[in-house]
Amino acid sequence: MASRLPFTKEVLRSMRNRLFPVKETPEKASLRSYCTANDLDRIGPTVRHYAPMRILTRYVLAELTKIFVLALFALTPIMLIVGISQLAMKYSLPPAQILQLVPYTRPFALSVALPVTLLLATTSVYARMSGSNEVSALKAQGISPWTVIWPAVMIAFLLSLSTVW
């Protein structure tokens, strides 16, 4: 018969605090100074900073960036070709003048392509995550859905500033 190690609450608590450092609020620190070891469990959970939140954010950012860049490089030339061909047909321009129009039509094409590609990237990333039940797994572990959503919101905000500028 295997003997059980006599771990007390204090030993387990000190092991947990060494593995996951605690960042306490001043209110909980003052409560902890007046409480006994048995009262610590009734105060409630302390604020812990876990590395998986940063890993999850990097994962979503990487997925958004991959699809965004791929779609941007695919969609922008298509928009340039369509826009320039419409101008060429309307004014019957020769090929030399059509090539001179490319730098002037690129900003308009990008101002339309950036929001469209971000919408495409966001939709495909979150649809894939939802299809493989990653969002449900996050909710089941108690991780807020905003942890997954805020990278897309920040990218959208930055792209909207760059598009307006």
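Let's start with the largest nonpolar core. A nonpolar core here is a set of buried Ala, Val, Leu, Ile, Met, Phe, Trp, Tyr and Cys residues joined through side-chain atoms within 4.5 Å. Buried means under 20% relative accessible area, exposed means over 50%, and partly exposed is in between, with a 1.4 Å probe and protein chains only. This core has 18 residues, and V60, L64, F68, Y126, M129, V148 and L159 touch the most other members. Helix α5 supplies the largest share, seven residues.

A word on the model. It is predicted, so local features need pLDDT of at least 70 and side-chain atom pairs count only at pLDDT 80 or more, while totals for chains, interfaces and linings use all residues. Residues are numbered from 1 along each chain as its sequence is written, and side-chain values use heavy atoms, with hydrogens and water left out.

What does V60 touch, not counting residues up to four places away in sequence? Y126, M129, V148 and P151. Contact means heavy atoms within 4.5 Å.

Now the overall layout. The protein has seven helices and two strands. From the N terminus, the order is α-β-α-α-β-α-α-α-α. These are DSSP runs numbered from the N terminus: helices are H or I with at least four residues, strands are E with at least two. Buried residues make up 22% of the 165 residues. Take contacts between residues at least 6 apart in sequence: 72% of them join residues at least 24 apart.

Next, helix α4, residues 51-91. T76 sits in this helix. Is T76 buried or exposed? Buried, because its relative accessible area is 10%. The T76 side chain reaches the backbone oxygen of L72 at 2.8 Å. That is a polar contact: a pair of N or O atoms within 3.5 Å, where within protein one must be able to donate a hydrogen and the other to accept it, and residues adjacent in sequence count only if both atoms are side-chain atoms. Leaving aside neighbours within four places in sequence, T76 is in contact with L110 and A113.

On to charge pairs. A salt bridge is a side-chain nitrogen of Lys or Arg within 4 Å of a carboxyl oxygen of Asp or Glu. By this rule the count is two. One joins E63 and K66, at 3.2 Å from N to O. Both residues lie in helix α4, three residues apart, about one turn of the helix. E63 is buried, at 15% relative accessible area. K66 counts as exposed, at 52%.

R128 and E134 also form a salt bridge, with their closest N and O atoms 3.4 Å apart. R128 counts as partly exposed, at 36% relative accessibility. E134 is partly exposed too, at 23%.

Last, the surface. The accessible surface comes to about 12300 Å², and 70% of that belongs to carbon and sulfur atoms. Areas come from the Shrake-Rupley method with a 1.4 Å probe; for residues, only the protein chains shown count as cover.

One nonpolar patch is formed by W146, I149, W150, V153, M154, F157, L158 and L161, with about 810 Å² of accessible area together. Patch residues have over 30% relative accessible area and no salt bridge; like charges are joined within 9 Å, and nonpolar side chains (Val, Leu, Ile, Met, Phe, Trp, Tyr) within 5 Å. V153 lies in helix α7, residues 146-164. V153 is partly exposed, with a relative accessible area of 43%.
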